[in-house]
Number of protein chains: 2
Amino acid sequence: MLKVNANFIKLPPSYLFVDIANKVDAFSKQHPEVEIIRMGIGDVTRPLPKAVVAAMQKAAEEMGKAETFRGYGPEAGYEFLRSAIAENDFQKRGVAIDKDEIFVSDGAKSDTGSIGDIFDVDNVVAVCDPVYPVYVDTNVMAGRAGDYHEGTGWSKIVYMPCLEKNGFLPRIPNERVDIIYLCFPNNPSGVGIGHTELKKWVDYALRNQSIILYDAAYEAFITEEDMPHSIFEIEGAKKCAIEFRSFSKTAGFTGTRCAFTVIPKELVFNEVSLNKLWGRRQSTKMNGVSYVIQRGAEAVYSEEGRREVKENIVYYLNNAKIIKEGLAKAGFKAFGGVNSPYVWMKTPNGLTSWEFFDLLLEKTGVVGTPGSGFGISGEGYFRLTAFNTKENTEKAIERITSSFKA
Amino acid sequence: MLKVNANFIKLPPSYLFVDIANKVDAFSKQHPEVEIIRMGIGDVTRPLPKAVVAAMQKAAEEMGKAETFRGYGPEAGYEFLRSAIAENDFQKRGVAIDKDEIFVSDGAKSDTGSIGDIFDVDNVVAVCDPVYPVYVDTNVMAGRAGDYHEGTGWSKIVYMPCLEKNGFLPRIPNERVDIIYLCFPNNPSGVGIGHTELKKWVDYALRNQSIILYDAAYEAFITEEDMPHSIFEIEGAKKCAIEFRSFSKTAGFTGTRCAFTVIPKELVFNEVSLNKLWGRRQSTKMNGVSYVIQRGAEAVYSEEGRREVKENIVYYLNNAKIIKEGLAKAGFKAFGGVNSPYVWMKTPNGLTSWEFFDLLLEKTGVVGTPGSGFGISGEGYFRLTAFNTKENTEKAIERITSSFKA
């Protein structure tokens, strides 16, 4: 008889954002008069840059003519896009990354979710706590997580608590771990990491022959000088890190789907090149990203594209500022939001994250994300995102300040 | 130290079509005067239907305006597309498949490659021989294939030889197997399967609680009456089968990327719904297909889209006819090509598949695919595809008939 993957059965029955959507639906049915403002899921609202739209339309037209039609493209992405990425995101910043080290994909979620394919099931995985659930859930599916215990989490996962007293940065684990997921600027806490701190992780990984899976999906939001936009700005990182990037939050591609993963050729474990291993995985399990979409992504690097993207980032960062200042005014403690579209706030009066979720929804119609959904150390915290419109963000903050007076 | 997935290391170093590309490159460098005609990889050449291009352009425009912009879509696909698929591809043919049973993806390669995620590593896998390499390679990566032995293949895979004497149809295995990959109309042999024959497989699967992974990527090419377009036309199949479909070969989406997988709600093993399990896998490991692309796929079902798609299919089937008749004229034995864009020919004079590849390239500049690349029983056969232009197909056949006189 067919046996299903029993690891899947261990997973809690649903996904954080599905739970939230269900709660909001139920609330809306009970209170149809309340206009809901969504600041929960990290989804953007600004339209695609004009340069991107134009490039996609032109590419669609090409696909409609025999002379310019394109069939299967290279699995790792077209050279025009890989070159544009390598040049603009790395070489221009003084980071020597070659186009052959860039793998274009349909999303950082796909890549962070599937990268585990190339690793043995027996590796020890370390994650920040709180953390983007995909890192943990995909390791559960792969059988790397052990069993779940209420209050302590998955038995084989090494959790690295990110606490207020450490500025929400994880501390180097005492034990040896093989695979370390890091995300900076961080989701959910919104804090960034400086060169000096990140160097410690690279040194740890080199010393222990561990790998750092570095999610830099939010690098475009960095405003402070000392923060690396890429882990490959750190000496030695090419021998111990893979970096995940995305056009989702930068250029508004959440519904358009394009991202990329950087695997340096120097990244070799036990004489095996991870660049080649991932190349093999990708060429066996997918057929590359749509030509039309890759042309759209390429246009992000055009002069007009860059200008529009920058405007959007400034727009969202301004929202983050409005949120952070508003929360402070309402008497809340809030973090992040300076190098990130996420603001991480402490719930008032010792409320649990879900209690505050309910209270906030009830009092203001504002939807955020309960910190406990990101892990045990997220309990007592709450995430608000800056991706809504300025108007809605201001409205939400007005409602919050008037409902929760300091 | 990080341990890589040792199963990857077991894989032969490169992929069939990469080997072919390298051989062709080398030949072209030596013989720059020869115009190469590619009938190897199953890639289309007809442009996208106008209706699809228009729909994508309109969708791109929507993405450029705040009022109509779309962020994250549902992981399983937009309802507009899932409904169009369920209605047109199933309900209109009398097959009761619901939109909730449709999972939209970026390709049948992604889905047939990743479906193994939801199954235990200990299942016994059966594949046709010859076979589309992705089914085997992805099971190697997952650790289900055992070890490779020259001449007999992977130790744990059950091979079902598809031989000329059985009309290239596989025979029901004597042993119990858990996962059976079937592809009809078949890649590479180009033969279809009738209701009566397919019913035997469904009965076997029901009796043994096995699952059939049914790749129907070429169903649009079926011209004969008795052939099911979907395995769900067979009674009982909803309790034992998953079906993979694609817009690639139907509507020319090889470079545009959209496909779907059908998992009936009745498909339950050990009380676990595979529809839910795959839903969980997809919502954890991907973020759905681009809105722009899904609108393009929807347009395949418009009146204009359907007409254009039909024209393309007729065009390619006409090429297949030209190939088959030309090969016969040149004295070759050829199969398939009636319900499929693939023609499967026997190599002359006992040549191996690769020997014939070299000979054909040398004598005619025509590139095909060596049958042995699809498995041991493919040795001595060769695949030609009908996806080139009519002009090139005619030119290739002229060269073949004049080079190999009967």
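How much area do chain A and chain B bury between them, and what share of it is on carbon and sulfur atoms? In this predicted model, the two chains bury about 6500 Å² between them, with 60% of it on carbon and sulfur atoms. The contact involves 79 residues of chain A and 79 residues of chain B.

**Interface between chain A and chain B**

- Between chain A and chain B there are five salt bridges, and one of them joins the side chains of Arg280(A) and Asp137(B), with a distance of 3.2 Å from N to O.
- The two chains also share 35 residue pairs in polar contact, counted where both residues have pLDDT 80 or more.
- On the side of chain A that touches chain B, at least two residues each are supplied by α1 (6-10), α3, α5 (108-114), α6 (133-142), α9 (274-285) and α10, and the largest share, seven residues, comes from α9(A).
- Sorted by class, that side of chain A holds 35 nonpolar, 24 polar and 20 charged residues.

**Helix α10 of chain A**

- Helix α10 (residues 291-299) of chain A has eight of its nine residues buried, so it is largely enclosed by the rest of the structure.
- The buried residues of α10(A) are Tyr291(A), Val292(A), Ile293(A), Gln294(A), Arg295(A), Gly296(A), Ala297(A) and Ala299(A).
- Their cover comes from both chains, and includes α3 (50-63), α4 (79-90), β2 (102-105) and α11 (303-329) of chain A as well as α3 (50-63) and α10 (291-299) of chain B.

**Ser283(A) in helix α9**

- Ser283(A) has its place in helix α9 of chain A, and because its relative accessibility is 13%, under the 20% limit, Ser283(A) counts as buried.
- A polar atom of the Ser283(A) side chain lies 3.4 Å from the backbone oxygen of Arg280(A), the residue whose side chain forms the salt bridge with Asp137(B).

**An open sheet in chain A**

- Four strands of chain A form an open, antiparallel sheet in the order β13-β14-β17-β16.
- At its edges stand β13 (334-336) and β16 (369-370), each with a single partner strand, so one side of each is left without a neighbour in the sheet.
- The antiparallel pairing of β13(A) with β14 (residues 342-346) runs over three bridges, and Gly336(A) has Val343(A) of β14(A) as its bridge partner.

**Salt bridges within the chains**

- Over all chains the count comes to 51 salt bridges.
- In chain A, the side chains of Glu79(A) and Lys99(A) meet at 3.9 Å, N to O, which links helix α4 with the loop between α4 and β2 across 20 residues; Lys99(A) is partly exposed, with a relative accessible area of 26%.
- In chain B, Asp147(B) and Lys10(B) form a salt bridge whose closest N and O atoms are 3.3 Å apart; Asp147(B) lies in the loop between α6 and β4 and Lys10(B) in helix α1, so the pair ties together parts that are 137 residues apart in sequence.
- Asp117(B) and Lys285(B) meet in a salt bridge of 2.9 Å, N to O, linking the loop between α5 and β3 with helix α9, 168 residues apart, and both residues are buried.
- Salt bridges with shared partners join Glu79(A), Asp98(A), Lys99(A), Asp100(A) and Lys265(A) into one network.

Note on methods:
Residues numbered from 1 in each chain as written. Chains lettered and ligands numbered in written order. Predicted model: local features only at pLDDT ≥ 70, side-chain atom pairs only at ≥ 80, totals over all residues. Heavy atoms only, no water. Buried < 20%, exposed > 50% of the residue type's maximum accessible area, 1.4 Å probe, protein only. Contact = heavy atoms within 4.5 Å. Buried area = accessible area lost by both parts, 1.4 Å probe. Salt bridge = Lys/Arg side-chain N within 4 Å of Asp/Glu carboxyl O. Polar contact = N/O pair within 3.5 Å; in protein donor to acceptor, adjacent residues only side chain to side chain. Nonpolar A, V, L, I, M, F, W, Y, C, P; charged D, E, K, R; others polar. Pairing = 2+ DSSP bridges.
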